[in-house]
Amino acid sequence: MWRAQPIRTSVTGGLDVGLILGVLALLAIGLPTIYSASHNEVLTRAAAYQTVGASKLIKQAVFAVIGLAGMAVFAGVDYRVLARYRRLLYVLTLLLLLAVLFTPEINGAHSWFTLGPVSLQPSELAKLMLVLAYGALLTRVGPALRAWPGFGQGLLFFAVPILLV
């Protein structure tokens, strides 16, 4: 089976060029789409508030830059280093999922932490943590998951965060 390999050159620094180009292509399509879907609202807001800083396009572009910076940072982190902290990350994620239940209701759900102008949804972080922690669990116990005790452990591993979401 063919697998894409990162191009290792001094220019890319070992980053997966295909992944970066894919993200940039999605941004090239997504940002104009957001603008075209909300430009009337953006123009109305701009006239009313004399600022375009709150427009959906600008906000999405800022988050895109933050996301690209985060991608660049985490591309340099060895996942095995993060896997060492899988238990801590799992517990912290469960605590975040539990804490969000005591936040004010937004759009009919207690799913968001509001941090000034930014909202954070812990269930999004939980997805990333579950992939990392379950991968570490599979590496550790592997074939034992085929038997009922191991399968039950794996099921419980996912059940707790799912019930909290």
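**A helix and its surroundings**

Modeller: Tyr 79 lies in helix α3 (helices are DSSP runs of H or I, at least four residues; strands are runs of E, at least two; both are numbered from the N terminus). This is a predicted model, where local features need pLDDT of at least 70 and side-chain atom pairs pLDDT 80 or more, while totals for chains, interfaces and linings use all residues. Residues are numbered from 1 along each chain as its sequence is written, and side-chain values use heavy atoms, without hydrogens and water.

Tyr 79 counts as exposed because its relative accessibility is 54% (exposed is over 50%, buried under 20%, partly exposed in between, with a 1.4 Å probe and protein chains only). The C-alpha atoms of Tyr 79 and Ala 136 are 9.9 Å apart, across 57 residues of chain. Ala 136 is one of the buried residues of α5.

First, the setting. The protein has 6 helices and 2 strands. Their order along the sequence is α-α-α-α-β-β-α-α. Of its 165 residues, 19% are buried. Among contacts (heavy atoms within 4.5 Å) with a separation of 6 or more, 47% join residues 24 or more positions apart.

Now α5 itself, residues 122-141. Its 20 residues reach 27 Å from first C-alpha to last. That is close to the 28 Å expected at 1.5 Å a residue (1.5 Å times one less than the number of residues). Just after α5, Gly 142 takes a positive phi of about 40 degrees.

The buried residues of α5 include Pro 122, Ser 123, Ala 126, Met 129 and Leu 130. Further along, Leu 132, Ala 133, Tyr 134, Leu 137 and Val 141 are buried too. Their cover includes α3, α4, β1 (113-115), β2 and α6 (148-164).

Gly 135, also in α5, is partly exposed, because its relative accessibility is 30%. Its C-alpha is 9.6 Å from that of Arg 86, although 49 residues separate them in sequence.

Helix α4 (residues 86-99) holds Thr 93. Thr 93 is buried, at a relative accessible area of 7%. Leaving aside residues up to four places away in sequence, Thr 93 touches Ala 126 and Met 129. Both of these are buried residues of α5. Leu 98 also lies in α4, but is partly exposed at 38% relative accessibility. Leu 98 and Pro 161 are 63 residues apart along the chain, with 9.1 Å between their C-alpha atoms.

Finally, the pocket. α5 supplies at least two residues of the lining of the largest pocket, as do α2 (56-75), α3, α4 and β2 (118-120). α2 gives the largest share, 8 residues. The lining has 29 residues, and Gly 70, Phe 74, Glu 124, Leu 125 and Leu 128 lie nearest the centre. By type, the lining divides into 20 nonpolar, 5 polar and 4 charged residues. The pocket volume is about 1,300 Å³. A pocket here is an open set of points on a 1 Å grid over the protein atoms alone, where a 1.4 Å probe fits, with protein on both sides within 12 Å along at least five of seven lines; lining residues have an atom within 4 Å of a point. The volume is the space filled by probe spheres set on the points.

Technical notes: Nonpolar A, V, L, I, M, F, W, Y, C, P; charged D, E, K, R; others polar.
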